[in-house]
Amino acid sequence: MADAAHEHAPARGGSGGLPPQGSAPPGRLQHHFESMAQQKEAASLGMWVFLVTEILFFGGLFLAYTIYRWEFSRAFAHASQHMDILLGTVNTAVLIFSSLTMAMAVHSAETGRKKLLIGFLVATMVLGAAFLGIKAVEYTDHFHHHLFPGPGFHYPVPADARAAELFFSLYFAMTGLHALHMIVGLGILTTLLVMAKRGAFTPEYNTPVEISGLYWHFVDIVWIFLFPLLYLIGRHLH
Amino acid sequence: MGQTLPLFPDQASTMAGRVDALYFYLLAVSVFFATLIALSVIVFAIRYRRRSEGELPRGIEGSLKLELAWTVIPLFISLSFFFWGAKIFFAMNRVPDDAIEINVIGKQWMWKVQHADGQREINELHVPVGRPVRLTMTSEDVIHDFFVPAFRMKQDVVPGQYTRTWFEASKPGRYHIFCSQYCGTKHSSMIGWVHAMEPGDFQAWLAGGAASESLASAGAKLFQRHACNTCHRPDSLARGPNLEGLFGKQVQLADGRTVVADESYLRESILTPNNKIVAGFQPIMPTFQGLVSEEELLQLVAYVKSLSKPAAAAPPQSSRVLPPSNRAAPPTPSQKENPK
Amino acid sequence: MSAVVEEPEPQEPRDNYLTSRYGVKSWLLTRDHKRIALLYLASINVFFFLGGLFALLIRLELLTPEGDLVQAETYNKLFTMHGVTMIFFFMIPAVPAVLGNFFIPMMVGAKDLAFPRLNLLSWYIYLVGALFTFWAIVHGGVDTGWTFYTPYSTASSNSHVIATAVGIFITGFSSILTGLNFLVTIHTMRAPGMTWFRLPLFVWAHYATSLIIVLGTPVIAVTILMVGAERIFHLGFFDPALGGDPILFQHLFWFYSHPAVYIMILPAMGVISELVTTFSRKNIFGYKFVAFSSIAIAVLSFLVWGHHMFVSGQSVYAGLIFSILSFLVAIPSAVKIFNWTATMYKGSVSYRTPMLYAFGFIGLFTIGGLTGLFLASLGVDVHVHDTYFIIAHFHYIMVGGTIMGYLGGVHYWWPKISGKLYPEGWARFAALVIFIGFNLTFFPQFILGYLGMPRRYHSYPDEFQVLNVMSTAGASILGVGYIIPLIYMVWSMRYGRNAPANPWGSTGLEWKTTSPPPTDNFETPPVVTEDPYIYSPEEVEIVG
């Protein structure tokens, strides 16, 4: 454990001068930390722990998927053929590319290049929005084909209808939750953009960009798992 | 109040004594350890009480030997609990071959019982003493639980699937049935009685009851009514697997898996036929979800089971379903031989 | 532990965290972990007494075999609300969000938790969740049992399942954020010299608890989401009528809810570790074993959920595995009990109120733990599953364990929190009343359970009455026992004697500062130079 004993750096906002409830503006050391390094370590660890909770959160749905995929393997494979493989593939590419732009944004922040940072943030947001747009097209398509579970659900093979409904329940739950995370991600990027424009990030202080990047990559990775499970399992049937 | 204060439940099944023996063993060990710890705390608290405010006892770091002792000893004692408990659990789950079969259907808020010969009961269950009884149970709505404290027997009754348990009553008498899985408003009214009777009395009860037709023959009629027999037939026109002699056998599925044709498999095949396609057949069977009730399903299952019993035990009606010639020369149960 | 800290002079009019600022806003927008702890203390007590009221009504109904005091529907709502309020809104936050929040930063020698704003946010999230659930209670309640078993909760119950579920869902995030905050604080905010093995055992216990919170709570969150989606949109995850599997719900539910038991008990165990060493004035016996047993419990707690499903129809082999793992998780708890007992050996044992609660905890938790072995034994569990035996068992753990630990901790740290001393005589009397009332309430329930009385029964056969009457009598005594501390604690805030910095002669960093502490906890940042629980003449003098 490297953090066993912290460097006793002279605390800029130490116990002396700052008001007790002090909330430092971004880029400054908050009063309850001893050093910038400590503050940054806390923020990164916090995000990693949060991502662990996210894995468990999605994990429940992945478990349900696994069990029903085992139980209704044939019907699930058939139901997945109702996915638009082209849109799904494009969306996967869009998302992977957005991870690249996000990584570039983090790099720009670390090297203190403000314009590049803003550019890459905007690019990431555009790609994220594109993903959501394509997803919306797919959802609309499913609604038109009565593939949303519930009373209006209609499936061409009656004997498989129940299992297919379960597939689409999982599909909407998993992709819907993923889309929700994308929307939250766009909100975070917007905040970063505003902060970046104000010049809040410097080579010394860019933790928000870095940990938001972690979050964005995580959301991408979830999709990397969703795509084959929901789109590709029926490919071999052709 | 004038109530009595019971401390121990009736022992009325072959399992009760075995469960209680383990219970008393657990109790003895628990009392020993609880007393040991309580006494140590009391003795230490008195012996080493603070006599003056300025006391400063010497620190003791700990002792690896002691730590190991109180890790390993409880571990071994626990293992004895585990093995004994597991042994009983296995016995509870291994149904004797000669068991009487009775079906139980739970529904908010009553127990419906079907005997093989067709007798039906509600919130009552008549069984003979000295014979194992196997219960096949399901629910029409939510999860219930069939609990007979005097038999030390309990099993959840789950909608959408069959659960099984068994008991052998050892003492004639009347014992509580409780629903012990919370199931809604009148959960505590979902209770009834098991009547454990001497075998002679039980026979008399069976004979005296308003026995309609047996489950298997009711199932045979359903089999015809739903035209199951147009596809499930032993001759060359069959488009579905032959059901004669099927029950209890291994079935080879189209996707390579094998399953045992038990009650749950039959049930699943009627309700979601496309789940498990038998090797060599097409997924053409329609679902019967919503077309047959839980009771009818159990009748159909009873019928298919009856097709696997020796001809003497088969219900007389079965000949109406299958041409007699087939009975003389039944085809092998292997599904692979069937034409596509 | 002795630390290089300026000797705190207990000057009278000094600026502490309670007096540094005034006004409602200074409380509602505070980022001081100590003030947030007090906000939690107030809110969880509301739910404690609400849950207690439900419990009292349940016991009154069960005084007679007939269902005569309340209707069956009402009764079902009462036990559901009792479970929901006690577990999600009292028991889970009780020790961590109040005592943990207050003392973890002080014990590691930090000025605050790593994320003070997140900490305040946690309290608001808790409050929003609580409001949803409270809304559900006021508008007719929910009757599914706190376990929300499907398909009853999704297809059959027509009570306020959604509002309650949303409340629990939201509160779960409060719990996650608190756990996250603790983990990061313990990792990154320790004072110079505060190595892992110098951490007080209270901190170790909370570290283990936070691990469980962070890994388990998201699963219950998504499970609740699925229940909600099934109930509203008919997405058939669990209802067999829609193609789902109700047993899957039980797996997901218990994957969180069994570890949740340890979320409730581990922090209380942490409290007991502090109490036993302080009031024996002796270092803890086997520090590392007590510390690692917390971690072992956290890890094993995730592997035993299936023991809630021994009669659900899961496979015999699954039953075997969950049974043996359940025995294993009992071992680290036993190790703790033995170490606490050994700590008293050749100590200087004081009978102050917190220690009385520690005695109570050790005795009652031992009984709770031992009866847990009955439930882990497959053969016996089949009989006692879902009967009053299990009710008695988990109340011995949660009331006999967690609440004893919580009350012991609140008494122990009250001088530090409030700067006042509570009346010792009354406090000892209340502890005794609680102990007697508790045993009278719950011991008869073991016998009831083995006799076969199922849980969640509104009415019951006559032969169970005598034991039920005993239980109800005990509950009345217990209720009185809980009200006494509420009264004298509130009284002491105004009329109690001023507390010194270290009234018990404890060693932790939190006692090296004034009572109540300044907003930044320490006048100068502490530097730790010694192992924990080393009692020196310095501490003895403070008390003497």
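Predicted model: local features only at pLDDT ≥ 70, side-chain atom pairs only at ≥ 80, totals over all residues.
Trainee: Start with chain A. What is its secondary structure?

Mentor: Chain A has six helices and zero strands. Helices (H or I, at least four residues) and strands (E, at least two) are DSSP runs, numbered from the N terminus. In order, the elements of chain A read α-α-α-α-α-α.

Trainee: How many of its residues count as buried?

Mentor: Of 238 residues in chain A, 36% are buried. Take its contacts with a separation of 6 or more: 74% are between residues 24 or more positions apart. Two residues are in contact if their C-beta atoms, placed from the backbone, lie within 7 Å.

Trainee: And what does chain B come to?

Mentor: Eight helices and twelve strands make up the secondary structure of chain B. Chain B has 340 residues, and 39% of them count as buried.

Trainee: Which strands of chain B form the open sheet?

Mentor: There are five, in the order β4-β10-β9-β6-β7, with mixed pairing. Two strands pair if DSSP finds at least two bridges between them. β4 (124-128) and β7 of chain B are the edges; each has a single partner strand, so one side of each lacks a neighbour in the sheet. From one strand to the next, the twist averages 20°.

Trainee: How do β6(B) and β7(B) pair?

Mentor: Strand β6 (residues 144-148) of chain B pairs with β7(B) in the antiparallel sense, over five bridges. B:V148 is opposite B:M153 in β7(B). The two strands make a hairpin with four residues between them. In that turn, B:R152 has a positive phi of about 55°.

Trainee: What about β9(B) and β10(B)?

Mentor: Strand β9 (residues 173-179) and strand β10 (residues 192-197) of chain B run antiparallel, joined by five bridges. B:G173 has B:A196 in β10(B) as its bridge partner.

Trainee: Which strands does α3 of chain B lie across?

Mentor: Helix α3 (residues 199-208) of chain B lies across β4 and β10 of that chain, at about 130° to β4(B). Axes are lines fitted to C-alpha atoms, for helices over the stretch in contact, and angles run from 0 to 180 degrees between N-to-C directions.

Trainee: Which residues of α4(B) are buried?

Mentor: In helix α4 (residues 215-225) of chain B, they are B:L215, B:A216, B:S217, B:A218, B:G219, B:A220 and B:F223. Just after α4(B), B:A227 has a positive phi of about 60°.

Trainee: New topic. How many residues of chain C are in contact with chain B?

Mentor: 81 residues of chain C are in contact with 74 residues of chain B. Helix α10 (residues 316-344) of chain C gives the most to its side, with 15 residues. That side has 47 nonpolar, 26 polar and eight charged residues. Ala, Val, Leu, Ile, Met, Phe, Trp, Tyr, Cys and Pro count as nonpolar, Asp, Glu, Lys and Arg as charged, and the others, Gly among them, as polar.

Trainee: At what angle do α1(B) and α11(C) pack?

Mentor: Helix α1 (residues 14-47) of chain B and helix α11 (residues 353-376) of chain C pack at about 165°, with axes 10 Å apart. So α1(B) is roughly antiparallel to α11(C). Angles under 35 degrees count as roughly parallel, over 145 as roughly antiparallel, 65 to 115 as roughly perpendicular and the rest as oblique.

Trainee: Which residues make that contact?

Mentor: Among them are B:F33 and B:I37 of α1(B), and C:I362 and C:L370 of α11(C). By class, the contact has 13 nonpolar, three polar and no charged residues.

Trainee: One last residue. Where is C:K282?

Mentor: C:K282 is in the loop between α8 (246-280) and α9 (287-300) of chain C.

Trainee: Buried or exposed?

Mentor: C:K282 is buried, because 25 other C-beta atoms lie within 10 Å. Not counting residues up to four places away in sequence, C:K282 touches B:P57, B:G59, C:T277, C:T343, C:G347 and C:Y535. The C-alpha atoms of C:K282 and C:S536 are 9.9 Å apart, with the two residues 254 residues apart along the chain.

Key: Residues numbered from 1 in each chain as written. Chains lettered and ligands numbered in written order. Buried ≥ 20, exposed ≤ 12 C-beta atoms within 10 Å, placed from the backbone.
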